[in-house]
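Biologist: I would like to learn how to read salt bridges in a model. Could you take me through some cases?

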Amino acid sequence: MQQKETDLDLITAVLNGDTAQYAVLVKRHQRFVFTLSLRFAKNREDAEEVAQDVFVKAYRALGTFKQTSKFSTWLYTITYTTAMTFLRKKRLDTQSINDDENVLQIANSGNDFDASNSAEKKSSYAYLSQAIDMLLPDDAAIITLFYKGEQSLEEIGEALSMEPNTVKVKLHRARQRLKEKLQYLLKDEVKELI
């Protein structure tokens, strides 16, 4: 049985000239980087662009990785800063935004499912994912890093440049907002049960 190489083994190989090993790192972390990027960008095309930028930046900065934290934490820090830069740039590029229209669009996004997707709509995962998509990007990132990424408060703090206690408070508030979004999404479901 061959043991799976660690991230540090792969990084060392890349830094020693075996650049093909970077593809293994990308494959290992691409799904989560994309998921986190999608939480910020809110659409697939932008999330793909952010994720691609993340891996390009990570490759260029690989020599600066100090190994004082996990590679995934370092990579998620790059993801967060890249996504924030992307969102700021996108806001600057936007001519005008009708906030009421955007809120209405988010609120009605649950009605966009067609009958063929009704089974998916009823799944708790679909509701949870939809509720997370309705959160502000920072809240969505903290929820995603903590639950899906299984990052500790310290690791999230490092990735988002915050103190662990600040992350704890923000996580608590994000959970409350997530609960509100779920209650909003599930109100029709509850009415059907009663």
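Modeller: This is a predicted model, and the structure holds 5 salt bridges.

Biologist: What is the general idea behind such a pair?

Modeller: Side chains of opposite charge can pair when their charged atoms come close. Here, R39 and D133 form a salt bridge, with 2.8 Å from N to O.

Biologist: Which helices do R39 and D133 lie in?

Modeller: R39 belongs to helix α2 (residues 21-41) and D133 to helix α7 (residues 124-134), so this pair ties together parts that are 94 residues apart in sequence.

Biologist: Is R39 buried or exposed?

Modeller: R39 is buried, at 7% relative accessibility, because buried means under 20%.

Biologist: Where do E48 and R44 lie?

Modeller: Both lie in helix α3 (residues 44-61). E48 and R44 are 4 residues apart, about one turn of the helix. They form a salt bridge, and their closest N and O atoms are 3.4 Å apart. E48 has a relative accessible area of 40% and is partly exposed.

Biologist: What do the side chains of R177 and D139 form?

Modeller: They meet in a salt bridge, at 2.5 Å from N to O. R177 sits in helix α10 (residues 164-193) and D139 in helix α8 (residues 137-148), so the pair ties together parts that are 38 residues apart in sequence.

Biologist: How do R177 and D139 count in terms of relative accessibility?

Modeller: R177 counts as partly exposed at 32%, whereas D139 counts as buried at 6%.

Definitions and conventions. Residues numbered from 1 in each chain as written. Predicted model: local features only at pLDDT ≥ 70, side-chain atom pairs only at ≥ 80, totals over all residues. Heavy atoms only, no water. Salt bridge = Lys/Arg side-chain N within 4 Å of Asp/Glu carboxyl O. Helix = DSSP H or I, 4+ residues; strand = E, 2+ residues; numbered from the N terminus. Buried < 20%, exposed > 50% of the residue type's maximum accessible area, 1.4 Å probe, protein only.
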